[in-house]
Amino acid sequence: MKLIKKLHPATYFFVFIIISILFYLFSNFGGAQAGIYSWIQNAWDGGISSSVITSNTNTLSEINNVTTSANKIEIQMTDPNWFDTNWKYRQVITINNPNSSTLTDFQVKIPVDTSALIASGKLQLNCADVRFTNQSGNTLSYWISEGFNECNSASTDFWVKVDNLNIGDNTIYMYYGNPSALPASDGNATFLFFDDFNAISLDLSKWDSLIVGSPSGGNWLVEDGYLKAGNNNRYLLSKTLLNGTYVVESKIYVNSLPANGFTPIGAHSNTNIQASMLFHGAGNRVYLRRNNRWILTISGLNQTGYWAISSVFVNSSNSKQQIFDIANNNIIYNYDFTLGTLLNAKVLLGARGDLYSYNQAYSASWDWVRARKIATTDVSVTINSEEKVYQLNSYATSNIFNTTFPTEWNEISFIASGTFTIKARSDFVSNMSNAQPWSSCDAVTNGLDISSNNCVNNGDQYIQFRVEFDPNGVEFGEVYEIEISYQEYDLDNPVSNASNVLLTGVTAGSWINFKPTVTWDSATDNPGGSGIYGYCIALDETDGTSSNLDPAITGGLLQSLDDGVPKAFCPFIAQGNSLDLNSIAGLNLTSGKTYFISIKAVDNGGNIFSGASIDYQDLTNFKFDNTPPDNPAFINLPVNFVSTKDITISWPVGANGASDSFSGVAGLQYRIGQTGTWYGDLHNGSEGLTDLLADDGVYTTDPTYDYPNLNEGVNKIYFRTLDNAGNVSSSLLQGDIKINTSAPSEVQNLSVTPASNNVNEYQFSWDPPATFTGLVSGLTYCYSVNTLPSSSSCNFTLPGETSIGPGAYATQPGTNTMYIVARDEASNINYATYQSITFEYTGDAPGIPTNLDIADISIKSTSNWRLALSWDVPNDVGAGIANYRIFRSTNTEISCSSNFGSFAQIGSSTSTSYIDTGLSQVTYNYCIVACDSANNCSAPTGNVDKNTNRKIH
């Protein structure tokens, strides 16, 4: 709130005292608003102080390019020796003299981009406001080039006569920016000799006009700023005498040449002592007149039809003559020569240097003629950055003012003049570390509430202002007094606290393995209060029992962590309606701990909710575990290939089972393949805690979810363990499910040794099939003789064996056939994919057994009826007897020799006896044959019969 309107400085203090007394009376005797204060600064002569102040002062915390006094601060001039404050700008020019002696009154060419200065409005269109001074501020004579590199060009040539150039670097200044200045370009004051022919006639105070012989044609003519001539018997000599080292120059345009030439520029001491240039019409030649001799320097050089600068440099050690083509900006002719001392020389124009009369006409115009000093080595010029009459970056910063309480900021008012900007910024800490940088602060407006400024915030206790001066033009910025009014901010606590405190996606009190986000509904500040600033938060780490923390006093686990909030009303503040614990740098949670969250609202005045503890303490909690569980020690899977996808997998439970130290094992999951879905018993695809295998030690593959993912060959299956907080074991259990439903192909290269034998002994070998699944060492082979392979006829080798024998494999005399078929380790076999080979048995059959006898050995008391047969070995055993086969019939009227087909084999014996048991009380008829290992058998013996209760017939 603004208390008084600013008055003239002479009456302001008195008025302020009167109004302050009235305000005190009003505010203490029924006034509507009390507690309004002001901070005033109207004294500035106390110097620099870094103190934080609580009352008015005359010190400042920072001063840069300003001047302070008892009653004001003002912008400082760039240089006390500034040429004239009516000139707004200057450029610092450095001239380097590389010669071994000082140069005095030396003409220096300064090239300046005047077109840019004119375009920016800093320089008059005709460059009239340019001035040059030496370092002491004394003006220097100069001349602006005319007709070439003139004003309003990118490189305007200013010829400046510098009074003193010491060896090395020297400084002069070019001033500009005065729209009222009159032209000061002066060639006469700048050069040793100068004429620009701007008079109405030839200036005879500068020239002697002479003739030789009998001239014809017109005399010298000065017209439109040019000197014009047309007869080579007329010539001009300057009245000024030249000595030392110098150059004479003329800007000339030649229309036509005489056959015997004329002089565009030269230095003339007498007829025989001179250095001059001769333009010669015959052959377009250029001659040098050196003392009393003509020297041809070049032929065929066009000298007509363009403006050029012709120069003759006079130097006893390094002379030269030169022609510079102005239009094309280049030297088209240069000739070096040696010249002796040329004293008391005059500038020569017109007739030949030898002054002979040739009486020939020519046509030429001179724009200007000048003579200037030269040095052995030319000087170099550097133009530096622009300066203003008043210092750039001029400012003064106040001390930091402490109101001692949270503050509502009112009006700022000031008394000042000229060009200036006042800024203000506030903070809630005394070092202003959270305040905005001055460069981002908007200027304040006289008489307006500064709390609307982008760098001032209600509730802050500290404030500071800065005065910045802008050297715009020649206006001189001054500030006399600044006043800021203020009052106490909101003093009441919020009336309600944060409510409905929740953990996003988490049930309160449950185990989790991440730092959750806490959300809440907004608190409410007191009516008319400053509004809710944020929320004090405490995170209590416990073993299960709350410590009952007060977030206004301690942040618990959040204490000393960076909340990213500028104001420090309590140890840890969150703004908005949520706090992501995962975003807090340095916050570490411990597995197995329980965490309680307490919240208190705080308003912009720093007032904190003060309700009952039930409304702010332990509003939600969670248990934390981010330690992975341990897998079971192993899983059990079929070792070999199997021909089915119905697989049972098991793992240990108990001592070697899955385990977790904190939240406990929730279950297991499996995945088929590296990119498969993690499944549990429900197969819902969540891959989380809602789909787990019960930790019961067994799982059988599911036809719907697993069979489609099990392919022929080796399938990787992985298992992992999850705990109740959702942590997953850090490693995986894995195994192979080997599926094979395809039988092997035929065996290869089946062979028999020998192919024919009279002894039943053969050996067979083969190579594995060309195609099969699994290991070659897991293959087994079915073999059968004289019978096609089948599940009932197969005999099998051991795994990996690819041969059988030697052994008795013939089962019949003559041709026998061996069949071989492969079976893989998953028991896949296709009996039709056999390989076969034949072999011959040529052995003799045994003879007929002899002396067949029969005896009744029944035990009649137990009705155990049985008969005993015995016989003798045949006289001829042939290839050997493998067994004796016993045949029987109950028909006693037939014999083996005539009705052998009616007898049935009831047994065999490798010895020469046989007991037939389980008989009835009937007569049994027997005969016997002897057989070798290839079933090559003898003829039957004669018959014997017997009843179990009577003697042999």
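Student: Which pattern do the disulfides of the chain follow, with bonded cysteines counted along the chain?
Tutor: A disulfide here is a pair of cysteine sulfur atoms within 2.5 Å, and by this rule the count comes to six. This is a predicted model, where local features need pLDDT of at least 70 and side-chain atom pairs count only at pLDDT 80 or more, while totals for chains, interfaces and linings use all residues. Residues are numbered from 1 along each chain as its sequence is written, and side-chain values use heavy atoms, with hydrogens and water left out. Counting the bonded cysteines along the chain, you get 1-2, 3-4, 5-6, 7-8, 9-10, 11-12.

Student: Where does Cys455 sit, the partner of Cys441?
Tutor: The sulfur atoms of Cys441 and Cys455 are 2.2 Å apart, and they form a disulfide. Its S-S torsion is -105°, a left-handed link. Elements are DSSP runs numbered from the N terminus: helices (H or I) of at least four residues, strands (E) of at least two. The two cysteines are 14 residues apart, and Cys455, like Cys441, is in the loop between strand E32 (420-427) and strand E33 (462-469).

Student: Is the disulfide of Cys536 and Cys570 left-handed or right-handed?
Tutor: Here the sulfur atoms sit 2.1 Å apart. Cys536 belongs to strand E38 (residues 532-542), while Cys570 is in the loop between E38 and strand E39 (573-574), 34 residues apart. The torsion about the S-S bond is about -95°, so the disulfide is left-handed.

Student: Does Cys794 count as buried or exposed?
Tutor: Cys794 pairs with Cys782, sulfur to sulfur 1.6 Å. Buried means under 20% relative accessible area, exposed over 50%, and partly exposed in between, with a 1.4 Å probe and protein chains only. Cys782 has 0% relative accessibility, so that one is buried. Cys794 has 14% relative accessibility, so the answer is buried.

Student: Why does Asn786 count as partly exposed?
Tutor: Asn786 is in the loop between E51 and E52, and has a positive phi of about 60° although it is not a glycine. Asn548 also has a positive phi, of about 55°, in the loop between E38 and E39. Asn786 counts as partly exposed because its relative accessibility is 26%.

Student: What is omega for the cis peptide bond that joins Gly805 and Pro806?
Tutor: Pro806 lies in strand E53 (residues 803-807). Another cis bond joins Thr753 and Pro754, with omega about -5°, and Pro754 is in the loop between strand E48 (748-753) and strand E49 (756-757). For Gly805 and Pro806, omega is about 0°.

Student: What is the radius of gyration of the chain?
Tutor: The chain holds four helices and 62 strands. The globule rule, 2.2 Å times the number of residues to the power 0.38, goes with a radius taken over C-alpha atoms. For 953 residues the rule gives 30 Å, so the chain is more spread out than a compact globule, with a radius of gyration of 63 Å.

Student: How many of the contacts with a separation of 6 or more, as a percentage, come from residues 24 or more positions apart?
Tutor: A contact means heavy atoms within 4.5 Å. The C-alpha trace spans about 195 × 110 × 40 Å along its principal axes, and buried residues make up 47% of the 953 residues. Residues 24 or more positions apart account for a share of 70%.
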